[in-house]
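Let's take a walk through this one, from the overall build of each chain down to single residues. Have a viewer open and follow along.

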Amino acid sequence: MSASELIRSSAASMAAKLAAGEVTSVELVQAHLDRIAEVDGGERGVHAFLHVNAEEALAVAADVDARRAAGEELHELAGVPIAIKDLIVTKGQPTTAGSKILEGWMSPYDATVIKKIRAARMPMLGKTNLDEFAMGSSTEHSAYGPTRNPWDLDRIPGGSGGGSAAAVAAFEAPLALGTDTGGSIRQPGAVTGTVGVKPTYGAVSRYGAIAMASSLDQIGPVSRTVLDSALLQEVIGGHDPFDSTSLTDPSTGLADAARIGNVKGMKIGVIKELHGEGFQPGVENRFNESLELLRNAGAEIVEVSCPNFGYALGAYYLIMPSEASSNLAKFDGVRFGSRTLPAEGPLTIERVMGATRAAGFGDEVKRRIILGTYALSAGYYDAYYGSAQKVRTLIQRDFDAAFAQADVLISPTSPVTAFKLGEKLDDPLAMYLNDIATIPANMAGVPGLTLPGGLADEDGLPVGIQFLAPAREDARLYRVGAVLESLLEEQWGGPVLDKAPALASTAAKEAN
Amino acid sequence: MSVDTILSFEEAMEKYDPVLGFEVHVELNTKTKMFSSAPNVFGDEPNSNVNEVCLGLPGVLPVVNKKAVESSILIGLALNCKIAEHCTFARKQYFYPDTPKNFQTSQYEDPICYDGWIDIELEDGTVFRVEIERAHMEEDAGKLTHMGGATGRIQGADFSLVDYNRSGVPLVEIVTKPIEGAGSRAPELAKAYVAAIREIVKNLGVSDAKMERGNVRCDANVSLRPYGQEKFGTRTETKNVNSLRAVENAVKFEIQRHAAVLDSGVLITQETRHWHEDTKSTTSGRPKSDADDYRYFPEPDLVPIVTSAAWVEELRATLPEPPAERRKRLQADWGYSDLEFRDVVNAGLMDQIEETVAAGATAAAARKWWMGEIARRAKLADVDPAELGVTPAVVVEIEKLIAAGSINDKLARKVLDGVLEGEGTPAEVVAKRGLAVVSDDGALQTAIDEALAAQPDVADKIRGGKVQAVGAIVGGVMKVTRGQADAARVRELILKTLGVEG
């Protein structure tokens, strides 16, 4: 098998080839490093990676190969490489959160998910690009330049986890870690034709994920197939004593659920409020097609109403910035990260903190800090933060009612396909609307999965289909997701990414 | 620094009715910090007892220390508080470099302990009930040291050093309700209240309770109002008054200062004040109003603490003997009169005497040393006797040296000098300073013979049966030996020399 064929395999199939001795982990890692070198750099590169961790990745791969040769029993995904969203702290690699304020910072500790990745002996290819502190839906808010969508290099890869999604879509990595606060795993998945899962809140430890909004943030898998995400969630999930909000449930049975292979008798609820008006026609068409396939496969399609979802975006943009304004207070240049001195005047601590934050944070981060600071201020707290928390309770009740009628819910993941770079940069509200369908899951803590639903008729760009399940029922997502995936691929004659244009090599340009 | 005009305390008391309020911070002595596994140890190399959590590095999350919660509940129970069945943490947000996250994780709306009381016994036996509003859990900040300035304060400093060893140390903040009706006993009550809190947390074993180390820190609120007025006057909050005497003095000073300000027709500025031990006065800190906006909101990284009745009762069963009952028992054990015992309590020396007795001294000897020589020196040095630097072990060792005849009382005082000057243990001081009594009978006999020769009349009187006259000869011998003789042995030898039965 050629290197270019190898990197297009699923993680599960790479794992099988490693186990069968058809390929070594060093070969596999090198193939991905070569791909990164070929398509990631340069002005027209994908720019999914902020840091490439070649040396350590190859060393881990060589170690896996040696252990396998020695007959050691290894984790199923041992030797399969992975990319890490640069919001997750890693020893030995810089962690920037896409911000100038953390430029050059090296974490002295590993996030819990990184410890698990290391324990499974998965080589880490590097750190992927994101909107600064995961704030955005296009990766254009990265202080290190935007990531490009492999389907069309002039378009956004979604955000905040555009780097992880684009890396997987461009075959620079078979797997990646993302974080999802309001859709940062799922919306990039939708617009790049990849799979991404936001697990149940607490199913995966947040320890070591640089917090944006603590009550909404969740780490999850990014991949090209549903089964691959299930395998990865099994690696990273489970209880962590370092995260007080971590659930005690074991992280098992997810891959098994993805292998069940039928949805007969499953009740799938279509959320009335999350399709139709405001959704691009091509998105709507692909969504209806998926419903038809599921119905034909024996699922019962029912309509459910979640009337309070209409308030979700507004409440989200109070709770998220409130928590973010607090979580980002620690970035002051005193103990770590970059420090900027005021251009003139006395060097007092307040002025140095102020100059550091003025220079270190980008506009979107400042916008949210200001919004959150205001929402938590005395005299406004009840009207803003307090009311938003009440809306959150109403959204949770809507979910409870909906899940009384259906086993899982379904909606388009994003109302639109990938838009042009720069198109919505000056219109924050238009940008925020990209997450209209993904935000309710974060507000309620329930799990959500996106998978490719095909290409929109009008622009030929990927459309995402989202499934939502009750809290701690992540397995249902993998079961129904894998079935829809196979029905669609049967129809298309192969994965949707087969239809993506080939990426020109940018390596020569980079060498200049 | 401008000097404030103050009224005499008596005049202030004639015109105004003081209202007090205290916030006492107690550092818990748990092995690890409030929200991280970093060690909670005092006095180590700066920034050595830290990890990523208490340094507030990116990505970290807090985990509540169960032992600290239990200690907090114990404090609440000892203060007759109700224990919340369900309580949460909140973030108190402000930018300051001693607070690594730029917010302090604390409790806000729902403290773990609330609605309690404690009876405070004043020096003359008057009992005054202080109502407790709440006792809540929080984390300590790091310690800042401002360098280069004259005052040690941030103003005028060239730079500041920060030690995060203290960052995240578990604290319980005990807040009183406004204390009315103390009148002229207010300064005394202030001291007695803080002493009582210190005694309780020490007795519970939940804090080292050393004020000089900041284990117990008091912020004292004072306001004055004309007698008969119901509405409270504007208060000031004197921060970090860190000894019992300072609490008393600071409250007294603020009463006197407020009275002078009010008398001049000016309003009191609501502000924090700083206590200065050297000038026995306060100076203005930063303006503080009830509108200080800390943007409190529920800590999203922690789940609520749920206290089951069974857990609380299990903890209640472990409560030690309450201090008031302990005092009754100790007085009986030691055989002190009411007056003697009250003096001991007021001097803050009960623990020292208990430890001294436990280490082998008699109750009388322990009292003699602590209430006598040590208290006298503490007064001279203007510190609390317990904080002078003498330990119960030193007292016991000195007593043993006396009992063994190695030193006498007079030499013992010199030994104490040596110990306080850092020359080592009493035995080491005796050796270094050559303070051992002259017990060489040959040397003593020479001195005795000389003394008898110098006072032949006295010698005759003794021979004639007036044994009590021997004191004059003993005195002569002690003078010659510069006090380094065992007086009892000298007396024995004199009588033997004169052939008289003692």
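Predicted model: local features only at pLDDT ≥ 70, side-chain atom pairs only at ≥ 80, totals over all residues.

Start with chain A, which has 18 helices and 11 strands. Its radius of gyration is 22 Å, close to the 24 Å that the globule rule gives for 512 residues, so chain A is as compact as a globular protein of that length. Buried residues make up 60% of chain A. Among its contacts with a separation of 6 or more, 76% join residues 24 or more positions apart.

Now chain B. Here you'll find 16 helices and 16 strands, and a C-alpha trace that spans about 90 × 55 × 50 Å along its principal axes. Of the 502 residues in chain B, 44% are buried. Residues 24 or more positions apart supply 68% of the chain B contacts with a separation of 6 or more.

Next, zoom in on a helix pair in chain A. Two packed helices are described by the angle between their axes and the distance between the axes. For helix α11 (residues 312-327) of chain A and helix α13 (residues 363-375) of chain A, the axes come within 7 Å and cross at roughly 100°. The two, α11(A) and α13(A), are therefore roughly perpendicular to each other. Which residues of α11(A) and α13(A) meet? On the α11(A) side they are Leu318(A), Pro321(A), Ser322(A), Ala324(A) and Ser325(A), and they face Arg368(A), Ile369(A), Leu371(A), Gly372(A), Thr373(A) and Ala375(A) in α13(A). Sorted by class, this contact has six nonpolar, four polar and one charged residues.

Helix α11(A) turns up again where the chains touch. There, 33 residues of chain A are in contact with 26 residues of chain B. On the chain A side, α11 and α12 (349-360) each supply at least two residues, and the largest share, three residues, comes from α11(A). The chain A residues that touch chain B divide into 18 nonpolar, nine polar and six charged.

On to the interior. In soluble globular proteins, nonpolar side chains tend to be buried together. The largest nonpolar core in this model has 244 residues, and those with the most contacts inside it are Ile82(A), Ile88(A), Val408(A), Ile75(B) and Val247(B). Its largest share, 11 residues, comes from helix α3 (residues 186-204) of chain B. Click on Ile82(A) and look past its neighbours within four places in sequence: its contacts are Ile117(A), Met122(A), Met124(A), Leu125(A), Ala173(A), Leu175(A), Ala176(A) and Leu177(A). Another core, of 47 residues, lies apart from the largest one, and Val395(B), Val430(B), Ala451(B) and Val490(B) are among its members.

One last stop is Ala90(B), in strand β4 (residues 90-93) of chain B. Is Ala90(B) buried or exposed? With 22 other C-beta atoms within 10 Å, Ala90(B) is buried, the cut-off being 20 or more. Not counting residues up to four places away in sequence, Ala90(B) touches Ser106(B), Gln107(B), Tyr108(B), Tyr296(B), Phe297(B), Pro298(B) and Glu299(B). For a sense of scale, Ala90(B) and Glu248(B) are 158 residues apart in sequence and 33 Å apart in space, C-alpha to C-alpha.

Terms used:
Residues numbered from 1 in each chain as written. Chains lettered and ligands numbered in written order. Helix = DSSP H or I, 4+ residues; strand = E, 2+ residues; numbered from the N terminus. Rg over C-alpha atoms; globule rule 2.2 N^0.38 Å. Buried ≥ 20, exposed ≤ 12 C-beta atoms within 10 Å, placed from the backbone. Contact = placed C-beta atoms within 7 Å. Axes fitted to C-alpha atoms, helices over the stretch in contact; angles between N-to-C directions. Parallel < 35°, antiparallel > 145°, perpendicular 65-115°, else oblique. Nonpolar A, V, L, I, M, F, W, Y, C, P; charged D, E, K, R; others polar. Core = buried A, V, L, I, M, F, W, Y, C linked by C-beta atoms within 7 Å.
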